Amino acid sequence: MEAIGFTKHLPISQADSLVAFELPMPSPEAHDLLVQVTGISVNPVDVGVRQSGSAVLAQPKVIGWDAVGTVVKTGADVTLFQPGDRVFYAGSFKRPGSNSAYQLVDERIVGHAPQKLSDAQAAAIPLTALTAWEGLFEQLEIDPTAKKRNEQKTILIINGSGGVGSMATQLAHWAGLKVIASASRPETIQWVKAHGADQTVNHRHDLVQEVKKLGYSYVDYIFELNNLDAHWTEMARLIKPGGRIASITENRKLVDLKQLTKKRAKFAWEWMFSKSYFQTEDMQSQHDILEKVAHLLDSGQLVTTMTQTFSPINVANLKKAHAIVESNHEIGKVTLTN
């Protein structure tokens, strides 16, 4: 089968930054699904893995952590799917990615694809929806069923127009929260308001002052999706006593948790790959989340965050998608389909 990968960590503009090559067809075992991939998307993690490192790899590394496709074969222990099912998923950080014609993925982190979305639209969803759902409802401990109570709560989402932010604003709005999303350009402000934000602030300015201009001294929750180091002190000042902060971006400086002591506030990391990486007991919760997200998409309560798509899935188009993500000006998600 054909796959796309890299052996050298090169700028995307260079010829060998991504290359096509052949791999043997994999065979599913245990809980594995063998999926024929028909749609993928590119996330910042793809760019980060491709760029990070200096060694020349002996074998090309296949990346890609979003896919939609059709199950063609199942492992002996599979109970959730059968051949012919159309599925979507983000996959595992420990296994070859979705930039290949076929891929093995554990059924417990896979959902049935939303029926009303095209492959291009569905491929934009899994990684960001899982990250947003886990960040909001597991790490920030928001109860999505308590919509009346949530109406009294305010959340600040830093970087509301990116892939995760575009899902987080929608899910927070669906859960009943008053949503403040950060955006710095007219087009991103318009985007976040169309995707569930009630109010906006500019993360290029002092967020404490930006939030105070809206009439709030504190917010109940903060979901940080942009730059933890740059916003930590602002978040510590803005979080309500007893509030919760979650982040998906890693720190390069020491995080001063003492700034949260007097407020008795909580801080948590969200890494969507954690459950599959460590094979946790609750790994199948990602299947359950994707099933719920698919229902919300099909019922119109959520919308796809795809803004650009290319076809077919080949080296040239994948390079274009990587370049868009690398620009740091992407709104929503870029996908590729066959």
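**Exercise 1. Find what share of the residues of the protein counts as buried, and say what kind of model this is.**

Solution. Step two is to apply it, and of the 338 residues of the protein, 54% count as buried. Step three is to note the source: this is a predicted model, in which local features need pLDDT of at least 70 and side-chain atom pairs count only at pLDDT 80 or more, while totals for chains, interfaces and linings use all residues. Residues are numbered from 1 along each chain as its sequence is written, and side-chain values use heavy atoms, with hydrogens and water left out.

**Exercise 2. Describe the secondary structure of the protein and decide how its radius of gyration compares with the globule rule.**

Solution. Begin with the elements, where helices (DSSP runs of H or I, at least four residues) and strands (runs of E, at least two) are numbered from the N terminus; the protein has 11 helices and 15 strands. Finally, the C-alpha trace spans about 60 × 45 × 35 Å along its principal axes.

**Exercise 3. Identify the largest nonpolar core and the elements that give residues to it.**

Solution. A nonpolar core is a set of buried Ala, Val, Leu, Ile, Met, Phe, Trp, Tyr and Cys residues joined through side-chain atoms within 4.5 Å. The largest such core has 51 residues, and those with the most contacts inside it are Leu 136, Ile 155, Leu 171 and Phe 223. Among the elements that give two or more residues to this core are H3, E8, H5 and strand E9 (178-182), and H3 gives the most, with 7 residues. A second, separate core of 27 residues includes Ile 12, Ala 67, Val 110 and Leu 336. As background, nonpolar side chains in soluble globular proteins tend to be buried together.

**Exercise 4. Locate Leu 238 and list its contacts beyond its neighbours in sequence.**

Solution. Leu 238 is found in helix H8, which covers residues 228-238, and with a relative accessible area of 1% Leu 238 is buried. Taking contact to mean heavy atoms within 4.5 Å, and leaving aside neighbours within four places in sequence, we find Leu 238 in contact with residues including Leu 156, Leu 207, Val 219, Ile 222 and Lys 263. The C-alpha atoms of Leu 238 and Lys 212 are separated by 9.1 Å, although these residues are 26 apart along the chain.

**Exercise 5. Examine the backbone at Glu 141, Asn 159 and Pro 312.**

Solution. Start from the general rule that most residues other than glycine have a negative phi, and that most peptide bonds are trans. Glu 141, in the loop between helix H3 (126-139) and helix H4 (147-150), has a positive phi of about 60° and is partly exposed at 43% relative accessibility. Asn 159, in the loop between strand E8 (154-158) and helix H5 (163-174), has a positive phi of about 85°. Last, a cis peptide bond with omega about 0° joins Ser 311 and Pro 312, and Pro 312 is found in the loop between strand E14 (306-310) and helix H11 (315-326).

Definitions and conventions
The radius of gyration is taken over C-alpha atoms; the globule rule is 2.2 Å times the number of residues to the power 0.38. Buried means under 20% relative accessible area, exposed over 50%, partly exposed in between (1.4 Å probe, protein chains only).
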